[in-house]
Amino acid sequence: MVDRLLTNRELEVLSLMAKGYSNTQICNELFISQATVLTHICRLYQKLEISEYEGHGGSAYRVRAVLKYFELQKNCSCQPA
């Protein structure tokens, strides 16, 4: 269910964020521009409801996004299909 919330590319970006990749490293790994990486990250934050009020920005946002995604995954796997 959560996987339907995010596109395949957003999942790829989130996976690389979880591995600690910088935006530049994500660009190089996925062969996309900085602007495209930022667009995917902004959409991830919107879809996962990560707002500026939840952290101090930067790496705090990235960590929250990764943690929230895994939390949603865990919660979905516990519910019957």
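Lys-47 is partly exposed, with a relative accessible area of 31%, where buried denotes under 20% relative accessible area, exposed over 50% and partly exposed the range in between (1.4 Å probe, protein chains only). The model is a predicted one, in which local features need pLDDT of at least 70 and side-chain atom pairs count only at pLDDT 80 or more, whereas totals for chains, interfaces and linings use all residues. Residues are numbered from 1 along each chain as its sequence is written, and side-chain values use heavy atoms, with hydrogens and water left out.

The side chain of Lys-47 meets that of Glu-10 in a salt bridge (2.9 Å, N to O), a term that requires a side-chain nitrogen of Lys or Arg within 4 Å of a carboxyl oxygen of Asp or Glu. This pair links distant parts of the chain, since Lys-47 belongs to helix α4 and Glu-10 to helix α2, 37 residues apart; Glu-10 is buried, at a relative accessible area of 2%. Three salt bridges are found in the whole structure. Another joins Glu-12 and Arg-9 (3.0 Å, N to O), both in helix α2 (residues 8–18) and three residues apart, about one turn of the helix. Lys-68 also forms a salt bridge with Glu-49, with the closest N and O atoms 3.9 Å apart; here Lys-68 lies in helix α5 (residues 59–78) and Glu-49 in the loop between α4 and α5, 19 residues away. Lys-68 is partly exposed, with a relative accessible area of 23%, whereas Glu-49 counts as exposed at 57% relative accessibility.

The protein chain comprises five helices and zero strands, assigned as DSSP runs (helices H or I, at least four residues; strands E, at least two) and numbered from the N terminus. Of its 81 residues, 33% count as buried.

In helix α3 (residues 23–30), the residues Asn-23, Ile-26, Cys-27 and Leu-30 are buried. Viewed down the axis of α3, these buried residues fall within an arc of 105°, so they line one face of the helix, the arc being that of the directions from the helix axis to the C-beta atoms. Asn-23, with a relative accessible area of 19%, is in contact with Gln-34, Val-37, Leu-38, Ile-41 and Arg-62 when its neighbours within four places in sequence are left aside, contact meaning heavy atoms within 4.5 Å. Just after α3, Phe-31 adopts a positive phi of about 55°.

His-40, located in helix α4 (residues 34–47), is buried at a relative accessible area of 13%. Beyond residues up to four places away in sequence, His-40 touches Arg-9, Glu-10, Val-13 and Ile-32.
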